[in-house]
Amino acid sequence: MAGTLSRNIARSFFAKSQPEGAGATVRRCIGGSRTLDPFLMCDIFEVVPPAGFPDHPHRGFETVSYLLEGAIAHEDFVGNVGLIGPGDVQWMTAGRGVVHAEMPASKTPCRGIQLWINLAREFKMIEPSYQDLKDSEIPRAKPEPGIEVKIIAGESFGVKSTVFTRTPTMFMDFKLEKGKRVEQKIPKDYSGFIYVLSGNGYFGGNQFKGEEHHALFLENDNGDYLPIEAKDTDLRFMLFAGKPLKEPVVNYGPFVMNSEEEIFQTMSDYEKATNGFEKAKKWRSSISN
Ligand SMILES: Nc1ccc(F)c(C(=O)c2c[nH]c3ncc(Cl)cc23)c1F
Ligand SMILES: [Fe+3]
């Protein structure tokens, strides 16, 4: 791209499998001490029945579930039910509070990605909402034969996602055939990371090699696009980028607020079923075993 600078890759991290939920396993590339404002967690999950993610709450952020294989059944405490199938996306804005269950709905292994995106202070207590996208509804950019970008959030090659992102976010699934090179525009002030799903590739101006199950973190430099090249193999990777919120983060499991006082209040709200958790009082999902 004439007149612009490429972003470099600062470091990579091998995301090893670890137990999570009730009998599920995840490769966690963001989470715990490794956060990347505005991202709180990114799990590449694998789950087969009877394992899953039974009844649990969320407050103060968004969860985005993208199914790579299989299907997840979803049920929440106000009666929303649904099936997230292969290639589908559920963008859940928990806001002031959701209690839900997320359980595998296919006998074959269910594989996918769940990203937790922080909400700014002004949105942490908004009414919960969902944006459900079927695979066929999600736009793709095909800039040339051998390159496809599935755009869950953000814009690529002039193709825009239909998702409303309160926290400006890019969430894209790239497939490059061996020998292909692509450049993705990323605003200079966005944080970002790559997760390599299959194959290997060379990322950034510094041609950093990224291999399967590795997360690669973008340098906070002055670049405004990321070059990616599939030299050795076909390559599939996820690109995540977002505008940092630069607010204090205080979290307690599935509650993410800006202060300890707000976390204590949230724990009390959940315990007493008040202030957004009213319907949690007697609710039990029908999909958790
Ligand atoms: N608090 C807390 C504690 C433990 C959890 F497992 C979860 C949770 O639900 C998930 C963690 N990664 C996931 N990937 C995929 C799916 Cl569908 C759900 C999750 C959660 F929210
Ligand atoms: Fe959840």
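Which residue has a side-chain N or O atom 3.1 Å from an oxygen atom of ligand 1? That would be His 56. Keep in mind that what you're looking at is a predicted model.

## Around ligand 1

Let's start with the polar pairs. Besides the His 56 side chain, which has an N or O atom 3.1 Å from a ligand oxygen, there's Asp 43, where a polar side-chain atom lies 2.8 Å from a nitrogen of ligand 1. On its own, ligand 1 would expose 450 Å², and the protein buries 87% of that area.

## Where the ligand sits

If you go looking for ligand 1, head for the largest pocket.

## The largest pocket

This pocket holds about 500 Å³ of space. It has 26 lining residues, and the ones closest to the centre are Glu 20, Arg 28, Met 41, Gln 114 and Trp 116.

As for which strands build the lining, β3 (24–30), β4, β5 and β11 each put in at least two residues. The top contributor is β5, with 5 residues. By class, the lining comes out at 12 nonpolar, 10 polar and 4 charged residues.

## The second largest pocket

How much space lies in the second largest pocket? About 180 Å³. Its lining has 13 residues, with Gly 82, Leu 83, Ile 84, Gln 90 and Asp 132 closest to the centre.

The strands here are β8 (81–84), β9 (89–93) and β12 (129–133), each giving two or more residues to the lining. The largest share is from β8, which supplies 4 residues. In class terms, you get 6 nonpolar, 4 polar and 3 charged residues in this lining.

Conventions:
Residues are numbered from 1 along each chain as its sequence is written. Chains are lettered from A and ligands numbered from 1 in the order in which they are written. This is a predicted model: local features need pLDDT of at least 70, side-chain atom pairs count only at pLDDT 80 or more; totals for chains, interfaces and linings use all residues. Side-chain values use heavy atoms; hydrogens and water are left out. A polar contact is a pair of N or O atoms within 3.5 Å; within protein, one must be able to donate a hydrogen and the other to accept it, and residues adjacent in sequence count only if both atoms are side-chain atoms. Accessible areas come from the Shrake-Rupley method with a 1.4 Å probe; for residues, only the protein chains shown count as cover. On a 1 Å grid over the protein atoms alone, a cavity is a set of points where a 1.4 Å probe fits but cannot get out, and a pocket is an open set with protein on both sides within 12 Å along at least five of seven lines; lining residues have an atom within 4 Å of a point. A molecule sits in a cavity or pocket if more than half of its atoms lie within 2 Å of its grid points. Grid points are joined across faces, edges and corners, and a volume is the space filled by probe spheres set on the points. Ala, Val, Leu, Ile, Met, Phe, Trp, Tyr, Cys and Pro count as nonpolar, Asp, Glu, Lys and Arg as charged, and the others, Gly among them, as polar.
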